[in-house]
Each structure stands twice: as C-alpha cells, then as structure tokens.
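Please look at the model below before reading on. The questions after it ask what each term rests on.

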Amino acid sequence: MPSELMVRVNGAAVPVPSGSTVAVAMAIAGQPCRTSVAGEPRGPLCGMGICFECRAIVNGIPHSRTCQMLCEPGMDIHTDE
Amino acid sequence: MTKDTYDIVIVGAGIVGAACADAFAGRGLRVVVVDRDVVGSGATAAGMGHIVVMDDSDAQFALTHYSQRLWQELHMELPPDVEYEQSGTIWVAADEEEMAEVLRKREYYQKRGVAVEVLNAGQLKQAEPNLRNGLLGGLLVPDDAVLYPPCAARFLMARAQQRGARLRLGASATQISERRVRFNDGQEIAAGIVVNAAGANAAELNPAIDVKKRKGHLVITDRYPGFLRHQLVELGYLKSAHSVSRDSVAFNVQPRRTGQILIGSSRQYGAEHKEVDQVMLASMVRRAQKYMPALGKMSAVRVWTGFRAATPDKLPLIGPCPGFESVFLATGHEGLGITTSLATAAILVDQVTGSKPEIAVEPYLPSRMAKEHVHAQ
Amino acid sequence: MSKYSRARFDVLVLGGGPAGIAAAVRAAESGSRVGLVDENLSVGGQIWRGGASDGKHSSDALTWIEQLKRCGVTLLCGKRVFHQPASSILMAESTDYVCELSYRNLILATGARERFLPFPGWTLPNVMGAGGLQAMVKSGLPIRGKRVVVAGSGPLLLAVASYLRKQGAKILLICEQASGRKLARFAISLLRYPEKVAQAFDLRKDITRIPLATSSWPLCAHGEQTFEAVTVSHKGKLQTIQCDYLACGFHLVPNTELPTLLGCRIRHGYVQVDDLLQTTVENIFCAGEPTGIGGVDLALIEGQIAGLSATGNTTAAQKLFPKRQRLRQFARLLDETFCLRSELRSLPSPETLVCRCEDVPYSRVREHTCWRAAKLHTRCGMGPCQGRICGPATQFLFKWSPDSVRPPVFPARVEDLAVPPIAEVTGELQ
C-alpha cells in the first residue's frame, strides 16, 4: 500500500499520508473546512464527529463530516462556504 | 391568592396572543398575557411561518388577504431575526385537473386584486429548477411571504410590553370564567375581558368549543442556499386539507433565509402524543421526493411535530365565546395562524372596542357553530 | 437511493469503545447473535482510537479487540445510528448505505464527549478539544515540532499531553482549572485503585518536564485567520504564549441523546440504571460513561455486566458488582476533583459565540431565562450539532436544564427518514 496519496483541496494538489482523514488533509493544506454563518473560517473542534465544524464539500457532496472520512486518491475537497 | 386588575387578559403567548396583546395595548388598554411555556412555543414554534392568501372560501380569502396586507405594512419594522422574506408561493400542478385549478385560482385572485401569474411547464422549471420534470405548471403568487414565527411573536409581544402590556410565563391556566382566569399555582387574574388564544389547547379552557388538535410533521435540512426560492405547495394540498377525517400528507416546502429547507406537510386526526409518527414521516418525505428528487440526498437535521388548532369549517373562532359575557375567543387557526394573526387581532380589538372592522366578522364568530349545521366533507 | 438492508440481533450493542466491546464479547459468549455498531471506521471508540496509544492501555485494548474479532460478533463499523422508527428497531446509515437493525435487547455504550466552554477566540481554527487534537493527530495530523498548550480540566489533559509529546510535539504548558490541592488529593486517592496507579505512574514519567499550572485557565485565544497565541490566567497572573495549537476541553459529558430519544430516564444528567445496568426501558441496557464518567476500567466492567445481564447471565454479572462499586467511587472522585469553578462562567465576552453552528453570541443567549426560549428565539442549539456543544456550555454558564431530543439523533439523509419500519424481519445483512 502506498504510504502517500494525492487529493485536491480547494483546487490545489496535496499529498497526504495514507490513512489520513479528509479533515487532516485540509489542515495539511492550511485550508479551513468551512466558513461559518457569519463568515468566520472554521476547522475541527471535537475530532469525533459531534461538533460539525469539520464539514466540507467532498466530491461534490456538501456538509460532509471530514474528521470521520478517510482520504481516497483523487478526492476533490472544498471549503464549505 | 393575589388578584390583579387589567382590561384584557390573554391566555396564550403564541403568534395570535402576541398579536392581540400588541393590538390591544396599541389602543391604550391594560393588557396581561399569560402562557405556561415561553413566548411563541406552541404551534407558533412548530409551524412553517408561511404568509399566504388562500381561497378555500370567500371568508378565508378575506381574512388572509387583509392580514397579509397588515404584514406587508409591518414588515419594515420587523427585526432581522424574524427573517421576513417575500419569497412568494407557487401552487404546483402535476396534472390537468390541477392545472384547471390553477386557472380557476388565477381568476379568483385577479378579480380580487391579488397579483398572480400562471406558469407553464417551462416557466415553472425556470422558477424552480429543482422540481422534477413532467409537472404541468403552476400559479405564482409573488406577494406571499415567509418568516420565522417565534421571533415574530417575540417582536409583537415586546412591542406590546413597550406599550404597557405585562407578560406572565410559567403558570398554567386551569379555568376561564367571567372576568377571571385561574392558574395551577392558585393565582388568579381578573380583567374586564378574557381572551382565549390558547391554540390547540383552547378547548381545555373552554370545553364547549369545537377546536381539535391536528398533528403535523416537519423536517428541516442543513443549509443549501439557492436550492429553493419560493414556497412550493402542491395543489393536492387542498384536496387533503379538505378532508376532515383522513390522515394525509402533501408536498409543501419552504426556503428559510438561512438556506435551510423546511419539508412538510402532514395532517393527522385524533393523534394526541408528540412523538414522530414514522408512517406519516416516511409518507411525507416520499411525497416531497416525488416533486423534488434532490431533497433525498440532503442532510436532515431535525424532525418535529406540532398541533394545529382545527375547527370543523376551517375558519378560526374570533369573537365572543358563546355562554359568556366577558370571554372572547381567538383560536382555531389551523395552518393559517401566522398569516391571519394580525387580522385576527385587528378584528378582535374592533369587536371589543366597538370600532368598525375592516372586513365582515360574521364568518368567524364563534356563535356560528351553534347556529350552523356544518357538514364534514 | 442508498443501498438498503436489514439485520436482526438478539443483542445489539451501540458504540464500539471499551464498554461496547466488553459488552459484545460477553454477550456473544452465551451463544447469542450479537451485533456491534459504531460510526467510526474501526472499533476502539475515543480512548482506544487506532488501537490505543500507550503502555497498559495498549495491551488491554489489543486483547479485547482480538477477543471481539474472534467471538462471532457482527461488526457494523462506519454506520451511524440516527433514528428509532419503531420499538426495538434502529436505523443506521453511512455514505451510501442505510440499514434497519432490530434487536431483542439493546446495550447503549455511547460514551462521552468533551465539554467545551466559550471564551474569546475559541472558534479560531487550530483551537481544538484536547481529545479533539489527539484524534486529529491519530488521524494523520503532523504534530512533530509543533508547540501546543493543553488547557481545561480532567485527566484527559494529562493523557493527551503525554501522547502528543510522544509524537514529537512541544507541550509548552498544561493549564488545569482545578486547584493544586484538589489534584494532590486526587493523586493520593489514586493509591486506592491499583489499576490507576500504574497508569498514573506512567503518565507522571511522561510529563515530568511539562509545566503544569493548576487553578489556571485560558482567557483569550488570539489570531487573525488561525490561532496564534493564547493568554492564560494562573492564580491571577496573566501569561500570553505563542503556539501552534490550543487543545482545550473541560472534562467530559455523557452522550445521553440516543438514550433519551429511546425513552430511558436520565437522572442528574446520566442514564438511570439498576445494578444489572438495565435502564427504565425493559430491553435497553447502558454501560460506560453514559451512566457516570468513570474512565476505561469502569467502562470495561460495566460493559461486561451489561453483556452478561442482557443474555440472562445474572450470576456472572453479579460477580462483577464489587469491582464496579469500587470503580464507581473513582467516578465520584473524578467528579469532585474536576468540577468546574465559577470563575469559568465569566470567560465569554458579549461577542463570544456560544452556538458555533448558528453563530449566536453570548449577549443574545443570556437575554433568555431558559434553554428552550434561547433555542426558539436565537436558534442556539438548532444547528447540526443539535446542542451537543452549546448545550453543556449553557448548562454550566446559566444553570439551564436540557430540552427534549428530537430525531434524527444525528443528521441523516432525508431519503433515509422515509424507510418504513418493518414488523417481522428475517433478512440477512447484505
């Protein structure tokens, strides 16, 4: 199994270790997961799928909880505006 | 036991009670509003917040049209948390029979000065791209609006309080009698006039009135801005609201300013418990997906139920309560409480103060129930 | 449409942490058909995430997980329970999948989550829970060389600091809001619990060189687009520390949402159970943190008791009662030691957000007299987390009581709400 794979975060290619979650990929890319109702950048808080701050658009699906989602090669990830 | 003296005591701080408080206080009367829960916590909290003109009957039209105008006059003063939005309504036609209904409605509304526009299939799809293909068209009513009811009730109540009205929360009214309301903590309030605006619970306080609970379900989604622009209602809604004996669901969705979608609607008879009824929920969701397939993949954040206050002839009870001199009713609004709250308050205050109401009040008088022999359809 | 399937179990265990694993293993030993469902991609819950991080924990976790895999339990990982459409049936979903799980007996082992308290800047990216940061690092977040301040309350802070340090992080400071005296008393009381002494000793070795401040808490997190520095208070003195992450959590609260939805009575915030861990609903049992925050050892004992109880092995269950009693005392010790001081109620400023889902500031929330009014009028608690973050916060800040729980207990696809309940199930899991 390759130790690294490539995903795209907000259009940019980002290499991440195999077994990383999408939330981690966004953190590695230095991108917030989502923008809050009032326009603030947000990232994961609880790390266990309860706070919903880690929601991002993954392969076109909005509101995906990224802290519980494993990265797959070629995944297209965007900050949930 | 303490006694306070007011001109008006209103039981119920929902949208109707709050609107009445605001109207009475605006005429300089001393008002107290009581509720066992918080402001806007009953059907006001549970419903969709649709402001809509309806044409089931001339009386229903008169009340909804008058009230919608009052909302339009008020809307500039509403704070942002009321989320008033003139999204308009589209009545959606799925077959020829419903399209004929569209044309009938257009004629009805146009004759009475309501702006409407018939949409053909292409125009409907353009107005709402997420509706499924194959629908025949619809009727757009651009002046209909939506808002967030608990905050609207709070605004009206706050305005009433600025004009001197008092608010007592937490005690449950147990008895209404002439010029008096008694509570479960032993307290009493005395007032010249008592108004029962207790919604679905109105008959607990006035057992002789025919107001029954009609349960509904709603689903709210996460935010999907731009997905839906208008309140959409299928024309089968009328077929189901007509029935007074069968449980039913109908396609009815509303865009919130937040971008969340409210999915409804359902009507149940004789259901007294608040729990979600899975059969109704499943049926309602499937019906909604039939009209807007993309709803299926959306994230549903919450499901809840509420109780509408229903009368046998689908018109509210606004006026003197039969058998009493000093007790008035402002209840029985079924699914139109938000819409008709302002007009209800206006014509109630007119009746109490002896002013001439803007519309004829006979169709809404509680005394009609004794006189008329109303058939369930 | 999601792929749809059904499965039927004698005993269904909800939650794959230590309590759930222990329950499933004991239940399966009786020959019952047992299923274990957990929303994470593998079992272990929070404390054994990724198979646990160190020493004794690690070998315990390995042993139990090995047993779990060998005892014939059907593992349903990556599936999140969201709804109960009818009695004794639960609905669970994953990305493209929805299933109906019916059971004769249910064991709830839903665990706990961190309590978050609002303070200025807490919503900045890279301010996370203590367990939150640990979970992210276990999921691949690079932490080597990064500077971290760990703050809040509870033994979790020390465990997280120890773990992060082992991964190469620079822990600059641990801020525990409990007083030094309380911690000292706690440390001495640990001597009563042999299991804990070893853990504590290991921990002490790991974090000897990390400054630990007691009676200390964060006042403000600073940064423009992300977190850059934190100002902490220590016995009245202020200190601002530049660092990369703030890992901040104020002990734990039990996940009682699903038990509440299923009709189990909640008492003083915990699921009410009898000695055999049966809830007030006849065929529902509860084990682990939801009955009282007591850590992994108590969770393992309670899981076993529940698994044995649910399969009628009351004698075997009763043999574990003394150990449970002892560990329940540890739970009480935890409660006493790490109870939150009142100064923490003054942390938020008027603009500090209390509800992060709906961006509702403290000034708007505190206008109301109860949770219900605040929810209705400000929408605090009406977002996707349904009050899991702001609920415990407002309960502490204003002494409010929680409201009722509405389905779905976690957000679910609209179409999955429409799956009808089934009366009689004979289908196999596809």
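Domains and contacts

Chain C is divided into domain 1 (3-112 + 253-335 + 413-418), domain 2 (116-250) and domain 3 (343-398); domain bounds come from an automatic or database domain assignment. This is a predicted model, in which local features need pLDDT of at least 70 and side-chain atom pairs count only at pLDDT 80 or more, while totals for chains, interfaces and linings use all residues. Residues are numbered from 1 along each chain as its sequence is written, and chains are lettered from A and ligands numbered from 1 in the order in which they are written.

Q: What makes residues of domain 2 of chain C and domain 3 of chain C count as in contact?
A: Two residues are in contact if their C-beta atoms, placed from the backbone, lie within 7 Å. By that rule, 8 residues of domain 2 of chain C are in contact with 12 residues of domain 3 of chain C.

Q: How many residues of chain B are in contact with chain C?
A: 29 residues of chain B are in contact with 22 residues of chain C.

Q: Which element gives the most to the side of chain B that touches chain C?
A: H9(B) does, with 7 residues. Helices (H or I, at least four residues) and strands (E, at least two) are DSSP runs, numbered from the N terminus.
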